[in-house]
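Thank you all for coming; I would like to walk through one model this morning, going sheet by sheet and then turning to the ligand.

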Amino acid sequence: MEELADLIAASERVVAFTGAGVSTESGIPDFRSPGGIWKRYDPTQFTFSRYVDSAEVRRRSWEMRREFFRKPVHPNAAHLALARLEEAGRCLGVVTQNIDGLHQDAGSRRVIELHGTAREVHCIGHRPRGGVPHGCGWRAPYTWALDKVARGDHDPLCPMCGGLVKSATVSFEQVLPAGVVEEAYDLVSEADLLIAAGSSLQVYPAAGLPEAAVAHGARLVVVNAEPTPLDELATLVVHGRAGEVLAPAVDAVLAPGR
Ligand code: NAD
């Protein structure tokens with residue numbers, strides 16, 4: 001923890017890269033947690049092309065979203081620590097693979113969501129192909145769709161053009177939103193310290209970002225519950241829970257008189 005605090009204190013351009021593991025302490029399971037939502041809904045079954053082709057897959061997908069949003073969730077110590085670091089001018093921003101919006105709830109202002117957001121739904125057009133949504137541009141809060149589903153419409157369509165409506169998240173096989181990957185690469189290439197927290201660092205192209213930061217001369221810190229394939233690139237590896245590691249480290253950095 002002290003080593004982490006020293007590294008943050010010695011850096012001028014910290015960027016955080018986060019994955020599902022930063023939100024498990026908020027009660028949102030990652031893909032590996034035992035007994036979590038992903039044991040009942042296999043995310044690999046919800047590919048973009050299956051979603052487009054099958055009303056049954058869309059019905060299951062909305063069911064899964066209802067379950068995802070059933071319990072209110074709140075930012076935990078890890079989200080709050082990163083927001084405090086940014087607020088103090090010590091962190092340039094967060095690149096996240098998460099779709100839960102908890103970094104923003106914690107107060108982080110610069111958040112690049114690589115895999116979109118579950119907080120919104122959008123039109124993806126009538127029969128989009130090749131993993132690329134071709135919607136009319138209509139978007140709404142996720143509650144628009146879940147209200148429809150609750151009232152018995154299990155495959156709500158776009159009110160503007162009649163196209164398919166999907167959560168504004170990136171599914172398997174789906175191309176990442178235009179510009180987002182570039183924005184993320186730009187941000188991590190400015191970093192002199194990249195903190196990768198709560199990510200298995202196995203999902204590409206996202207996992208290429210810590211590698212890019214290192215290639216640009218940044219030091220890498222990995223904070224994760226278990227080893228990752230990028231540990232050998234890291235200056236420091238901390239095995240532990242993200243909130244329990246990041247909160248005291250940020251407290252130490254921001255302590256008066258440091
Ligand atoms: P992942 O599930 O592959 O890996 C999560 C990692 O975090 C694991 O290595 C696990 O050991 C570790 N971990 C779990 N709890 C932790 C904690 N409290 N502290 C530190 N480490 C912890 O997740 P990923 O790398 O983000 O990639 C998989 C995909 O999962 C992403 O595409 C993401 O969009 C999606 N996803 C997002 C959410 C979310 O938004 N909260 C939830 C589930 C899955």
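This is a predicted model: local features need pLDDT of at least 70, side-chain atom pairs count only at pLDDT 80 or more; totals for chains, interfaces and linings use all residues.

Let me start with S4 and S5, which pair in the antiparallel sense over three bridges, where pairing requires that DSSP finds at least two bridges between the two strands, and where strands (E, at least two residues) and helices (H or I, at least four) are DSSP runs numbered from the N terminus. Within this pairing, His122 stands opposite Arg139 in S5. Residues are numbered from 1 along each chain as its sequence is written, and side-chain values use heavy atoms, with hydrogens and water left out.

The two strands belong to an open sheet of three, ordered S5-S4-S6, with antiparallel pairing. S5 and strand S6 (164-169) stand at its edges with a single partner strand each, so one side of each has no neighbour in the sheet. Neighbouring strands here are turned by 35 degrees against each other on average, direction ignored; axes are lines fitted to C-alpha atoms, for helices over the stretch in contact, and angles run from 0 to 180 degrees between N-to-C directions.

Helix H3 lies across S4 and S6, running at about 40 degrees to S6. Glu56 has its place in this helix and is partly exposed, at a relative accessible area of 43%, given that buried means under 20%, exposed over 50% and partly exposed in between, with a 1.4 Å probe and protein chains only. The C-alpha atoms of Glu56 and His154 are separated by 8.9 Å, although the two residues are 98 apart along the chain.

Which residues of helix H6 (residues 142-150) are buried? They are Ala145, Leu146 and Val149, and, seen down the axis of H6, they fall within an arc of 95 degrees (taken from the directions from the helix axis to the C-beta atoms), so they line one face of the helix. These buried residues pack against helix H3 (55-68), strand S4 (116-125) and strand S5 (139-141), with contact meaning heavy atoms within 4.5 Å.

Now to the other sheet, which is open and has six strands in the order S3-S2-S1-S7-S8-S9, with parallel pairing. Strand S3 (111-113) and strand S9 (236-239) stand at the edges, and neighbouring strands are turned by 15 degrees against each other on average, direction ignored. Helix H1 (residues 2-9) packs on this sheet, touching strand S1 (14-18), S7, S8 and S9, and its direction makes about 140 degrees with that of S8. S7 and S8 pair over five bridges, with Val222 as the bridge partner of Ala196, whereas S8 and S9 pair over four, with His239 as the partner of Asn224.

Finally, the ligand has 27 residues around it, of which Gln97, Asp100, His115, Ser200 and Glu226 come nearest, a residue being near if one of its heavy atoms lies within 4 Å. An oxygen atom of the ligand is 2.5 Å from a polar backbone atom of Gln97, and a polar side-chain atom of Glu226 lies 2.7 Å from a ligand oxygen atom.

Conventions:
A polar contact is a pair of N or O atoms within 3.5 Å; within protein, one must be able to donate a hydrogen and the other to accept it, and residues adjacent in sequence count only if both atoms are side-chain atoms.
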